[in-house]
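Here is a friendly briefing to read alongside the sequence and the 3D view.

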Amino acid sequence: MSDDERHNQTFEGASAGASTTYPMQCSALRKNGHVVIKGRPCKIVDMSTSKTGKHGHAKVHLVAIDIFTGKKLEDICPSTHNMDVPNVKRQEYGLANIDDGFLNLLDNDSNPKDDIKVPDSDLGKEISAAFDEGKDLLVTIVSAMGEEQAISWKEAPKGA
């Protein structure tokens with residue numbers, strides 16, 4: 001392979017959001033930011049740094065909540081090491097229908113999305129009740145690491 005061929009390779013199928021996570025140095029993580037702990041996308045609720053030991057690195061103690069399950073997870077990492085940070089995306093969708101336990105959603109361009117389950121929590125009951133009352137709803141969907149879930153809703157502004 002010549003140098004020209006090596007520099008002009010094309011890679012089909014790579015998208016801008018190809019990676020579900022990106023690395024960040026542990027000391028650069030911040031409270032209310034996101035981090036991957038035990039393979040789960042989490043929001044950091046508390047963190048503290050211990051002093052450097054005689055031979056070692058300062059350690060960062062992270063306490064985080066799984067953004068999908070609400071479970072509390074903890075991790076300790078040397079401050080100079082990298083940890084994965086999930087690419088977390090939030091998007092609002094209009095609620096068109098609730099069908100067989102799934103939300104039938106439409107994005108701003110009227111593209112349908114119907115693979116989100118009605119949450120098994122009070123949030124799901126609230127969405128169902130408001131929809132049954134005939135209200136126009138906007139549902140916020142959070143997605144990270146290949147998972148998606150409804151996290152909040154609000155009534156759509158009139159005339160929107």
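The disulfide count in this predicted model comes to zero. A disulfide is a covalent bond between the sulfur atoms of two cysteines. Two cysteines deserve a look here, because the cut-off for a disulfide is a pair of sulfur atoms within 2.5 Å.

**Cysteines**
- Cys-26 is in no disulfide, and its nearest cysteine sulfur belongs to Cys-77, 3.1 Å away.
- Cys-77 is likewise in no disulfide, with the sulfur of Cys-26 as its nearest cysteine sulfur at 3.1 Å.
- Cys-26 counts as buried because its relative accessibility is 0%.
- Cys-77 has a relative accessibility of 7%, so Cys-77 counts as buried.

**Helix H2: the buried face**
- Helix H2 spans residues 122–132, and its buried residues are Leu-123, Gly-124, Ile-127 and Ala-130.
- Viewed down the axis of H2, these buried residues fall within an arc of 135 degrees, so they line one face of the helix.
- As background, residues three or four places apart point the same way because an α-helix has 3.6 residues a turn.
- The cover over the buried residues of H2 includes strands S7 (89–99) and S8 (102–106), along with strands S10 (137–144) and S11 (147–155).

**Helix H2: the other side and what follows**
- Asp-122, Lys-125 and Asp-132 are exposed on the other side of H2.
- After H2 comes Gly-134, which has a positive phi, near 85 degrees.

Terms used
Residues numbered from 1 in each chain as written. Predicted model: local features only at pLDDT ≥ 70, side-chain atom pairs only at ≥ 80, totals over all residues. Heavy atoms only, no water. Buried < 20%, exposed > 50% of the residue type's maximum accessible area, 1.4 Å probe, protein only. Helix = DSSP H or I, 4+ residues; strand = E, 2+ residues; numbered from the N terminus. Arc of directions from axis to C-beta. Contact = heavy atoms within 4.5 Å.
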